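Dear colleague,

My findings on it follow directly after.

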Amino acid sequence: MTLIALDDAQRRVIEGVRPLPAEPAPLAAAHGRVLAADVGARRTQPGADISAMDGYAVRHADIAAAPARLAVAGTSAAGRPYPGRLEPGHAVRIFTGATVPHDADTVVMQEGCTAEPGAVVVHHAAPPGRHIRRRGLDFVEGEVLLPAGRRLTARDIGLAAAMNHATLPVHRRPKVALISTGDELAPPGSVLAESQIVSSSAPYLAAALTAEGAEVADLGLVPDRLEATVEAVRAARMLGADVLLTTGGASVGEHDLVHRALEADGVELGFWRIALRPGRPLIFGRRAAMRVLGLPGNPVSTFTCALLFVLPLVRALAGRSDILPQVEPARLGCALPATDQRAEMLRGTLADDGGLVATAFAEQDSSMMSLLAAADCCIVREAFAPAAAAGAPCRIIRLGL
């Protein structure tokens, strides 16, 4: 099969994806979720003119010729406003967050005043409106402050609460099923034979997907037997997974059974080889609404395909607008040879000497998790790119997950 170009493969994976249906989520469960509809304020904030300081609410006309002695008519505290209007020649003792009395237009700080029995002396004039947060300063009822497609931060949750929302309309979390194939795999913490390796891709994928807001079902390790692989694929479908991810068995060797297992369960395969290093043996297919990505077995290849295909697919299903990883300009800190027909994702470090400098690791073997964990970025190189000298411009993707 002809190698599929990276850009074309990304387009085909997310083509036709629609955000999952909306559901209400309480504020405590909405962090990291994606809004399915615009969210507007259900109140005006603040709902009245509010004092920003402890001091005295006054009429500016009464203190324009300070010092001025005013009778204290009462008190306004947060949640306990002064009940009447402010008469000329009077002041109201006021505290931060309290409603400013009607006809008062200025708050003078208590540090500039001297309290007397039943009165206050204001020593310095303050301009009209000083230390008053006007009604609607933050937002007004009906104003849309959280648009559809926004992934909710902790600050957004606080804003939604201030807008008087107890629940928010969010897209359902994508359900992702994981299957790890290979007779050589053992779970972390095992006593290993020399021929075995620890399954590291599934823990990485589960962590990255959970951070992206997905619900993850790890269906465990599957031996290199066709019937066992078919059974695992069927189990993912019965769970109602939106996405099935397999690791390993995606190539064309005798023990690479994922192709056959997927076809046996009715998955329509779209492509299974892409022009990417590492990550060439990537499978993409669909069965009804379930999308399937068969990832290579080497952990760095798994990571690369997750970064470029899996996470964008999950973001699209979740309703996000920022789908593809962000690519930034940088300069090379080392020379790089020309590329062949495959695009390359080179792990490396980042430095800043007035601009970003990306230096690829000398070793790029796709089995090396230690260098992947130490990397700050991937240097993105196009297919058929010429050799590049140190200092030449390049493109990078920062690694946060």
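Helix α1 (residues 6–14) holds both D8 and R12, which sit four residues apart, about one turn of the helix; helices here are DSSP runs (H or I, at least four residues) and strands likewise (E, at least two), numbered from the N terminus. D8 forms a salt bridge with R12, and their closest N and O atoms are 3.7 Å apart; the term denotes a side-chain nitrogen of Lys or Arg within 4 Å of a carboxyl oxygen of Asp or Glu. D8 is partly exposed at 25% relative accessible area, and R12 is partly exposed at 26%. Here buried means under 20% relative accessible area, exposed over 50%, and partly exposed in between (1.4 Å probe, protein chains only).

Please note that this is a predicted model, in which local features need pLDDT of at least 70 and side-chain atom pairs count only at pLDDT 80 or more, while totals for chains, interfaces and linings use all residues. Residues are numbered from 1 along each chain as its sequence is written, and side-chain values use heavy atoms, with hydrogens and water left out.

The whole structure contains 22 salt bridges. One of them joins E116 to R69, with 2.9 Å between the closest N and O atoms. Because E116 lies in strand β8 (residues 113–116) and R69 in strand β5 (residues 68–76), this pair ties together parts that are 47 residues apart in sequence. E116 is partly exposed at 33%, whereas R69 is exposed at 56%.

A further salt bridge runs between D265 and R237, again with the closest N and O atoms 2.9 Å apart. D265 is in the loop between α6 (258–264) and β18 (268–271), and R237 is in helix α5 (residues 226–238), so that the pair links distant parts of the chain, 28 residues apart. D265 is buried, with a relative accessible area of 5%, while R237 is partly exposed at 24%.

E215 belongs to strand β16 (residues 215–222) and is partly exposed at 40%. The C-alpha atoms of E215 and K175 are separated by 4.8 Å, although the two residues are 40 apart along the chain. Beyond its neighbours within four places in sequence, E215 is in contact (heavy atoms within 4.5 Å) with R173, P174, K175 and V176.

Yours sincerely
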